[in-house]
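Colleague: Could you walk me through this model, slowly and in plain words? I would like to begin with one chain and then see how the chains meet.

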Amino acid sequence: MSPLNLTTQALEIIAAIAAAPLFVGWVNQCRAWLQNRSAPSVLQPYRGIRKLFHKDAVLAERASPLFRIAPYMVFGAMVLAAAIIPSMGTRLPLTVAADSIALVGLLATARMFMSLAAMDVGTAFGTLGARREMMVGFLAEPALLMVIFVAALISQTTSLAAIAEHLSSQTLALYPSLAFTAVAFTLVLLAENARIPVDNPATHLELTMIHEAMLLEYSARHLALMEWAAALKLFNYVCIGVALFVPWGVATESQGPLGLLVSVPVLALKLCGAGAGLAVIETVSAKLRVFRAPELMATAFLFAVLGLLVHLLLGA
Amino acid sequence: MVHVPLLLQLVNTCAAGLLLLSFAMLSQRRVVTLVYLLATQGALLCLATLLLAWRTHQHHLYISAALTLGLKVMFLPWLLHRLIRRLDVYWDTEPLLNTSVTMLLGLVIVVFAFGLAQPIAALSSTAARSTIGIAIAVILLAFMMMITRRKAMSQVIGFLSMENGLFFGAMSATYGMPMVVELGVALDVLVAMLVLGVFFFQIREQFDSLDLHHLESLKEKP
Amino acid sequence: MLTLPTTPLDGCLTVIAAWGVIGLAGLLRPHSVRFVGRVLFPLSAVCGLALAVVAARGIGAPATHAVLLIGLPDLPLHLRSDALACLFLTMLGAATTGISLFAGGYFRQGHGAAPGLLCLQYHIFLASMGCVLLADDAYAFMVAWESMALSSYFLVTTQHRLAEIRRAGFIYLLIAHLGALAILLSFGVLQGGSWQFTFDSMRAAHLSPPWATAAFLLALLGFGAKAGLVPLHVWLPEAHPAAPSPVSALMSGVMLKTAVYGVLRVSFDLLGAPPWWWGLVALGVGLGSAFYGVIFTAVQTDMKRLLAWSSIENIGIVFAGLGLAIIFHGFGMGALAALALIASLYHCLNHACMKSLLFLGTGAVLHATGERNLGKLGGLIHRMPWVAWLTLIGALAIAGLPPLNGFVSEWLLLQAFLFAGDVPRAFVDMLLPIGAAIVALCTALAGYAMVKFYGVIFLGQPREPTLAGAQDAGMLERLGLVWLAAGCVALGLFPVQVIGQLNVVTHSLLGAALADPTAHWWLLAPAVARGAAYGPLVFLLVSAVVIVLTLLAVRMFYHRRVRRAPPWDCGFARLDARMQDSAEGFGQPIRHIFQPFFLIDRELPTAFDSKPRYRMSVADRIWRFGYEPVGQAVRRMAELVTVLQQGRISTYLLYSFVTLLVLLALVL
Amino acid sequence: MEFLLLLGTPVAGALLLGVFGARRWAPELNALFSLVTFAAACALTVRIVAHGNVLVAHEQFFIDPFNVFLVTLTAFVGFTTALFSRPYMRVEMTHGRLSPGRLRLYHAMYQLFTFTMLLALTTNNIGLLWVAMEGATLSTVLLVTLYRTPASLEAGWKYFILCGVGIAQALFGTILIYFAAEKVVGGEGVTALLWTHLDAVKTLLEPRVMSIAFVFLLVGYGTKVGLAPLHNWLPDAHAEGPTPISAVLSGLLLNVALYAVVRCKVLVEGSLGSQLPSTMLMGFGLVSVVLAALFLWRQRDIKRLFAYSSVEHMGIITFAFGMGGPVANFAALLHMTVHSLTKSAIFFTVGHAAQKAGSQLMDQIRGLITLSPTIGWGLMLGSLAIVGMPPFGVFAAEFLILTTAMKQQPWATPILLLALGVAFAAVFGRVQPMVFGETTAKRLPHPPALLPVFVHLAIVLMLGLFVPPYLAGWYRQAAIMIGGH
């Protein structure tokens, strides 16, 4: 492992941790613009997190150690995920830790801990949130897996870095299968990150909320970590999408230090675009009833499998 | 036409008589008469045995004739009469199958029996080989009688007449069985009758009738 | 001073004999819990450990035979220990070590039968499982197989005073017996005209394809009945909850695997070269069972029944891998076949650990609370921390989460599915990705079910006041749980070493193996795909480092003040335990989504009920529409037959008469 | 010499007990006589093992491997049953179901019955065989009607008439054999009925006659074996008689009748040289197995249940003999042994169970295992053994039979397997609730005598895992002798 790779790795982790709230802020701002409201500052998420860290933590009397560990677990899982996803460079030392399947497993672990923590206090809200989260998750997870499988089949490997490298290294080729999976992935992204139409991060209306319901009992630093982890999660998903569908510009072994320098602004551009797109989707679509969410996920799953079949059929 | 000596003609006549008696028993409903018929059957059997014994100089046939006389002509009918009087069962009720049909079936069975007897008779070297068919017929008719009757008593009589048939068959085919067996058989029949005697009284005291429809409670409940 | 056994076979036999002796020793003082629990069961755990060690060393060793003096006059019992048998024996030994330790603390007075008797049945069960794995002729196999069913039946009906437990036992033994008859028939076909019933002669026999297929399908039927493959699974959700927990653990964790062993033995060893489409059958049945099992897992409200259904799911996954292996083997794709088979075997090992762990956990809960119904549990993590945290490991593992063991086999299986690309048969190559999708879906649903299982039992508020008195598990029980949990972790962190052993087995079965799976001791990288790798140790290390750093950072830069307060009640002051999600509630989305699969009987309160109550039960369609009609049919035939026996003597005489005439007519 | 002892003891016993049968020590005396008989049988066996076949009393009696093991079995089961009937009959007395007079009759007839069976087994003269069979019927009829209840009278009557008529057919069959043999053996009378002589010349016997004779013999003795559809007397007689009698009927009488059938089959097959007799036996066997399996489903009375299970097993054995060949015959003999041991053991436990519950209706027998573990386990293990669960001997026999069937009559195998499955469900489904569950019954005045049960089951278990070489060799000889082709 060359120093270059090490720096890439470190850079990626730090960038992810640092930029995740910023991305959230960016998405909110875009959305505000689209809905021509006066937008909060892009830095608003940082302020929120800082404020939370300063507050006293209030724990429910019945909270068990699991409840206190969960935020660190979730946060750690997201950081590890960020380390694996080739957002800037493909030669990451840590990719040996986990390939794309393990990545999905990692995200599942985070989800599971979050749900368990939500059930720990034993309020109506927590369990309700946990149930809905798992309900969305058990369809979103295989869908995501299928999405990744298509790319994996195209590039004959399950290592995300290798996939990105393979897809980026070749001249522009049209993969109809990837078109299907792109749709599926978008739906999964929305669902997994508690965005409209599946969930509405802005409200605390128990009939609609999923993610927020799980966090109700958290406060102060724990809540801060959870929020940060959520931001990281969104960031990671977008990066996965980037790595799978628009990998061009990512730094590969051949390009050396220059590639890395190039890849950073490229990534920034991609993220801005993605954020804007996300905002658009969230603006034009309406919140679904909770029980429509599984149908949406089923559609995603279906699209992903279709993509797989298309790939096998057309060999592309 | 081959000439048949007089004695054998007589034996055949006895055989015919036996068959006739079986038919009579098949149709007869008066129990006392059934017993008389049975006794007559025994008598004919005994006569036939004697004739054969005389013609073939088989001495042990005399003994079996004596057995027949003692057992089937005298003792058993006497026993049955006594039972009938003690339990006053003089009449059998209407048989399960009406008489004319029974007769017709009996005819069919006789034909079947004769057919069955052909290969056996063909081999037999005994004087009375032609009567084997009749023996089988008697057995099967007795069987039928047991099937169609409703009173325990008449069933027993059918059983005995079957014994007669067997006996006659043994004799006409092979001049009777070895003495050991003959005695054994006779003993069994005797014991059987005694057991039956006991039986009748037990049944009687339980159901105060010998009607078989009392004995239909043990069955697979649907 | 007994001389140490030389070959693995001798070693295994010694252990099995020792188990027999321990079992009989139980009859010395049948009612003394101290003697049986504190002396005999730990002893049998030691034996289990010995078996595990001996058998593990035997995996690499060449096959050894033995012929006992007992058996049928012309067919003495043949025994044989080869790689496959040794692998499963290792599993038996390892799982038994934990379970017996736990059982030592578990069985106590008033469990229906006397502890000594239970001890006897338990050890006969263990010994017969060992014999099943060692048997090398049809008779020995059948005897061991049925003794296994019988002894487990008695264990299942320990609390025979309850009607439903008797019913469970009856269904169990009936299906087991019918399955055994199918297996017997299959052996009858397998010997292929040699009429020697030793496995050697079966290996030598060359069957025509139709007969080979018949043998395979019969074996699949027979062993499937034991493994609980849909639609032969009906006994499993009944029997496993009925048994005492250590027995449930043994049945679910080990006994089901003997069925897998049987199928492997028949298809790869006795039959030799299975055609690819058998694999398709196995794959279909496996995936079907996995899916059917997991959706039922998600809606159960009885914790042991939930685990039983989850066993159906896992066995389904094992058979899916097995089918995949057969398919690849049929197409001559050696490496992939090896990969699939390894995934399947690996999942067997995993399931043995995690399912036993979970069943023992429920056993401890059952002891502490006397409750099996999820609706009456909750919040036990405060009362029974040991059980709770150890069970958490099992739950995470069975949900297939890295870096625990469940994930490894899932990973291997998905790899196998994924790179099946060049299967030279249309449709098949289309079907395989669907299979992968189903496996993924099942794993995700397993996660759902496990969140429900763990969350409802251990987290939240206690739903019953009585739970306040719950005691944590005793010393022996903890030991057992720790052992199995350690197994889960070890299998999760050191897959390479395990696969090194499994590779030997696959090589002996398929004649093919992975190139060199043990290239890096810390990195799981089967050579089938470029760059596809998974390093559990790194994974664990990195995430641990990150978590610790975060923790330290937070503590360094900020305060660590914590205040305790009642949870937020949305201004509604009387928030109580009843307002948590019930088990039914948690299963509701699954019921809603997969409605057609369930036979739901719901009783909803109306607005005007004076005392409204909600009752809901989910039944299995297969039982209603597959089994009950058969029973009806037999009953109807029996009714018809009874017409023959109407008690009238004349009729009986008529039968004899007609029989006589018919036979005479026949000979004429 | 042991042979006289073997046949003499029961006769003496019958006479003696006919006089003292009602005394307090009569049961012990009964058991003692049976024990002596058993000892004689063992001595005889030893002698056979040492010197091979023997003929005694001017060839009127002979012992060969086939019947010697049945003799030992009969004597053994007779002895254990006598042991069992000691406390059982006492309880019956205390319940007031028996008068001293009846007890005398019971003991006398019990010995007489033993005698007739031993005679039937050991005689060389097929005529005497017939006489002995009839004698067995007569001696048991009175035992079946021992309680003089309406039901028992009905059962006795049916037993008497059906078996009597059947036996009569058998007599005609015997006559025909004699007739056919006379031609060949010639000589005056007796020798033409001696099985040994017939066996020597069986190939010369006239086929047509022999085939007809076989039909009569099969129907005749088959009625006593209880082959469907001639079995109708069997369940009634088993259910209504005293339990020890049910035990010996199932365990011994059926065997003896089957023995007679097989002896005749050997002769007839020899003369015909065709498969006809085998086919008939297999047909009867299959019909019996299937019908019995279905009948089992409808039973309410526990003794009827096991009576039908006897029909089923007799069907299996008959089928095996029908298939012929060393393996099948071997299996059939093994099955005869284990069946009579297991079934009698079951009837022992059933007797005690019914006494405890005060009823033979299965719905009223509950929770035996809590009431009296020994009885409970006895019934449970016995039933598991009888439905063919390894490692009991019944399974070993069925394993051999089924595998041979797959080899020789593949078409029949699925039928057999299905029937076995159905029978398993029926029997086990009835037994389980009786053994397990709660109970309300109370203890008995006399402790149950369950030693016989566990001795029987132990032997059966051993035969399942290990058939002693001499026993095996003995079976083999017998198997070869009865037409191992």
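Modeller: Read along the sequence, chain A follows the pattern α-α-β-α-α-α-α-α-α-α-α-α, which comes to 11 helices and 1 strand. Helices (H or I, at least four residues) and strands (E, at least two) are DSSP runs, numbered from the N terminus. Please keep in mind that this is a predicted model, in which local features need pLDDT of at least 70 and side-chain atom pairs count only at pLDDT 80 or more, while totals for chains, interfaces and linings use all residues. Residues are numbered from 1 along each chain as its sequence is written, and chains are lettered from A and ligands numbered from 1 in the order in which they are written.

Colleague: Let's move to chain C. What does chain C contain in helices and strands?

Modeller: Chain C has 23 helices and 5 strands. Its radius of gyration is 27 Å, close to the 26 Å that the globule rule gives for 668 residues, so chain C is as compact as a globular protein of that length. Its C-alpha atoms fill a box of roughly 105 × 70 × 65 Å along the principal axes, and 61% of its residues count as buried.

Colleague: Which two chains have the most contacts between them?

Modeller: Among the 4 pairs of chains that touch, the most contacts are between chains A and C, a contact being two residues whose C-beta atoms, placed from the backbone, lie within 7 Å. The contact takes 68 residues from chain C and 68 residues from chain A. On the side of chain C that touches chain A, α17(C) gives the most, with 15 residues, and by class that side has 46 nonpolar, 16 polar and 6 charged residues. Here Ala, Val, Leu, Ile, Met, Phe, Trp, Tyr, Cys and Pro count as nonpolar, Asp, Glu, Lys and Arg as charged, and the others, Gly among them, as polar.

Colleague: How do strand β1 of chain A and β3(C) run, and how many bridges join them?

Modeller: Strand β1 (residues 57-60) of chain A and β3(C) run parallel, and 4 bridges join them; two strands pair if DSSP finds at least two bridges between them. A:A57 stands opposite C:V562, and A:A60 stands opposite C:A565. Both faces of β1(A) are covered, as A:A57 and A:L59 on one side and A:V58 and A:A60 on the other are all buried.

Colleague: What about chain A and chain B, and how far apart are their closest C-alpha atoms?

Modeller: No contact joins chain A and chain B, whose closest C-alpha atoms lie 54 Å apart. Chain A and chain D have no contact either, with their closest C-alpha atoms 40 Å apart. Chain B does meet chain C, with 14 residues of chain B in contact with 13 residues of chain C.

Colleague: Now helix α4 of chain B: where does α4(B) bend?

Modeller: α4(B) bends by about 40° at B:A117, and a proline, B:P119, follows within four residues. The bend at a residue is the angle between axes fitted to the seven residues ending there and the seven starting there. The 25 residues of this helix (residues 99-123) should span 36 Å at 1.5 Å a residue, and its end C-alpha atoms are 36 Å apart, which agrees; the expected span is 1.5 Å times one less than the number of residues.

Colleague: Last one: is C:L404 buried or exposed?

Modeller: C:L404 has 28 C-beta neighbours inside 10 Å, so C:L404 counts as buried. Its place is in the loop between α15 (385-398) and α16 of chain C. Leaving aside neighbours within four places in sequence, C:L404 is in contact with residues including C:I393, C:V489 and C:G492.

Notes
The radius of gyration is taken over C-alpha atoms; the globule rule is 2.2 Å times the number of residues to the power 0.38. A residue is buried if 20 or more other C-beta atoms lie within 10 Å of its own, exposed if 12 or fewer, and partly exposed in between; C-beta atoms are placed from the backbone.
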